[in-house]
Amino acid sequence: MTPITDAAPLCLLTDIPDGGAVEVEALLRGEAESLLVYRHGDDARAYLNVCPHAGRRLDYAPGKFLVRGGTIICAAHGASFAADSGECTQGPCKGDSLRRIDVRVVDGAVRLA
Ligand code: FES
């Protein structure tokens, strides 16, 4: 994975399967951070790739996320998050939320807002 600059898009919407998620690296306040970018139709949501339960990454392998039926599942201990809001709906951190990063889709590209 190649770190990106502030000016570059995070990814193209078409890089993400509809209803799925990909990992991208973004510069946030000058620090490279791993993000999960979820696609829902023509829209995208981004979250820090950090679970609020124990601070582990959400992916089960680098860049591979468990996302089914609008739910993101943390690979570490199974917390389930609503993909559209980031809220934990089931599991050890129920009621907590993923940290959302504002993004927008412009001309098919997902960019930091
Ligand atoms: S670190 Fe995600 S459920 Fe425990």
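This report walks through the fold of one protein chain, from its overall form to a few single residues.

## About the model

The structure is a predicted model, in which local features need pLDDT of at least 70 and side-chain atom pairs count only at pLDDT 80 or more, while totals for chains, interfaces and linings use all residues. Residues are numbered from 1 along each chain as its sequence is written, and side-chain values use heavy atoms, with hydrogens and water left out.

## The whole chain

Let us begin with the overall picture. The protein chain has zero helices and eleven strands. Here helices (H or I, at least four residues) and strands (E, at least two) are DSSP runs, numbered from the N terminus. Read from that end, the elements go β-β-β-β-β-β-β-β-β-β-β.

The C-alpha trace spans about 35 × 30 × 25 Å along its principal axes. The radius of gyration of the protein chain is 13 Å, which agrees with a compact globule, because a globule with 113 residues would have a value near 13 Å. This radius is taken over C-alpha atoms, and the globule rule is 2.2 Å times the number of residues to the power 0.38.

Of the 113 residues, 40% are buried. Buried means under 20% relative accessible area, exposed means over 50%, and partly exposed lies in between (1.4 Å probe, protein chains only). The accessible surface comes to about 6,000 Å², and 47% of it belongs to carbon and sulfur atoms; such areas come from the Shrake-Rupley method with a 1.4 Å probe, and for residues, only the protein chains shown count as cover. Among contacts with a separation of 6 or more, 39% are between residues 24 or more positions apart, where contact means heavy atoms within 4.5 Å.

Two strands pair if DSSP finds at least two bridges between them. Strands of a sheet pair through backbone hydrogen bonds, either parallel or antiparallel.

Eight bridges join strand 2 and strand 3 (residues 31-40) in the antiparallel sense, and Val-24 has Leu-35 in strand 3 as its bridge partner. Strand 3 then pairs with strand 4 over six antiparallel bridges, with Val-37 standing opposite Ala-46. These two strands make a hairpin with two residues between them, and Gly-41 in the turn has a positive phi of about 65°.

Strand 4 (residues 43-48) is mostly covered, with five of its six residues buried. On to strand 9: two bridges link this strand to strand 4, and the two run antiparallel. Tyr-47 stands opposite Arg-100 in strand 9.

Strand 7 (residues 80-82) pairs with strand 8 over two bridges in the antiparallel sense, and Ser-80 stands opposite Gln-90.

Strand 11 (residues 109-112) pairs with strand 1 (residues 11-12) over two antiparallel bridges, with Ala-109 as the bridge partner of Leu-12. Strand 11 also pairs with strand 10 (residues 103-106), over four antiparallel bridges, and here Arg-104 stands opposite Arg-111. The hairpin of strand 10 and strand 11 has two residues between the strands, and Asp-107 takes a positive phi near 50°.

## Two residues to look at

Glu-23 lies in strand 2 (residues 21-28) and counts as buried because its relative accessible area is 16%. Its side chain makes polar contacts with the side chains of Ser-34 at 2.5 Å and Arg-57 at 3.0 Å. A polar contact is a pair of N or O atoms within 3.5 Å; within protein, one must be able to donate a hydrogen and the other to accept it, and residues adjacent in sequence count only if both atoms are side-chain atoms.

Pro-92 sits in the loop between strand 8 and strand 9 and is partly exposed, with a relative accessible area of 45%. Leaving aside neighbours within four places in sequence, Pro-92 is in contact with His-53, His-77 and Ala-79. Pro-92 and Cys-51 are 41 residues apart in sequence and 11 Å apart in space, C-alpha to C-alpha.
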